[in-house]
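Please read each point with the structure open.

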Amino acid sequence: MIKSVVNTIKNIVIVLSIAMFFSCTNSAKEVKDFLADKNLPVGEAYDVVHKYTDSGMVTVKMVTPLMLDFGNREEHPYSEFPKGLKITSIEKNGDSTTVEGDYALNYKKTEVSQIKNNVIITNYSDRNRLETDEIFWDKKTHYFFTESKFTFYTPTDTIHGTGFEASEDLKKWWVKNQQGIINVRE
């Protein structure tokens, strides 16, 4: 009697296992669509250190504790950096510029990044530094822009204002609404 109950249970388990095995026929597209519908990333990366090299030399280094990949979005695929990031661009002569922020989004199709909360951009060779709450970075044109309040430091000036545009190395810049004392060379 016990032997027949055990055999019946084994048969039921085998039939259920086979049914479950053959019922799982999700394609990769179905899984991707499911994740997109639930607003879940298709990838997560922790403690990322990404280095871009040109001719054997590191030209860009990005460091972030967490990167979420939402590349499964049909309309607007993007990457999210919810714990911030730091990007360092290194020129051939050794000069560098850093971009830091507490949160960032990188839109893949437009190649525009949005960096928010405690944004600091520093050009070490020219000793220029920009501080703001939000900035957009167009990687195609190598250009920063914001309509937010900012403080821009040069070796001789401290400029406060709203609305700022600059080349990504902060060598060329334009201020929309400014306050402060600015030294003008004649």
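1. Basis of the note. This is a predicted model, in which local features need pLDDT of at least 70 and side-chain atom pairs count only at pLDDT 80 or more, while totals for chains, interfaces and linings use all residues. Residues are numbered from 1 along each chain as its sequence is written, and side-chain values use heavy atoms, with hydrogens and water left out.

2. Layout. The protein chain has 2 helices and 11 strands. Helices (H or I, at least four residues) and strands (E, at least two) are DSSP runs, numbered from the N terminus. Read from that end, the order is α-α-β-β-β-β-β-β-β-β-β-β-β. Of the 186 residues, 32% count as buried; buried means under 20% relative accessible area, exposed over 50%, and partly exposed in between (1.4 Å probe, protein chains only). A contact means heavy atoms within 4.5 Å. Among contacts with a separation of 6 or more, 33% join residues 24 or more positions apart.

3. The largest pocket. On a 1 Å grid over the protein atoms alone, a pocket is an open set of points where a 1.4 Å probe fits, with protein on both sides within 12 Å along at least five of seven lines; lining residues have an atom within 4 Å of a point. The largest pocket holds about 710 Å³ of space, the volume being the space filled by probe spheres set on the points, which are joined across faces, edges and corners. Its lining has 30 residues, and T59, V60, I87, S89 and W137 lie nearest the centre.

4. What lines the pocket. Which strand gives the most to the lining of the largest pocket? It is β2, with 5 residues. Strands that each supply at least two lining residues include β1 (43–54), β2 (57–70) and β7 (112–123). By class, the lining has 15 nonpolar, 9 polar and 6 charged residues. Ala, Val, Leu, Ile, Met, Phe, Trp, Tyr, Cys and Pro count as nonpolar, Asp, Glu, Lys and Arg as charged, and the others, Gly among them, as polar.

5. Nonpolar cores. A nonpolar core is a set of buried Ala, Val, Leu, Ile, Met, Phe, Trp, Tyr and Cys residues joined through side-chain atoms within 4.5 Å. The largest one has 21 residues, and I121, L130 and F164 have the most contacts inside it. β4, β7, β8 (128–138), β9 (143–153) and β10 (158–167) each supply at least two of its residues. A second, separate core of 6 residues includes L66, L68, F70 and Y78.

6. F164 and its rings. F164 is buried, at 0% relative accessible area. Beyond neighbours within four places in sequence, its contacts include L130, F144, L170 and W174. The structure holds 8 aromatic pairs. Rings of Phe, Tyr and Trp (its six-membered ring) pair if their centres lie within 6.5 Å; planes under 30 degrees apart count as stacked, over 60 as edge-to-face and the rest as tilted. F164 and W173 make a stacked pair, 6.4 Å centre to centre with 15 degrees between the planes. W173 is partly exposed, at 35%. F150, F152, F164 and W173 form one aromatic cluster.

7. Most residues other than glycine have a negative phi. N117, in strand β7, has a positive phi of about 65 degrees and is partly exposed at 37% relative accessibility. L170 has a positive phi of about 60 degrees. L170 lies in the loop between β10 and β11 (173–179) and is buried, at 0%.
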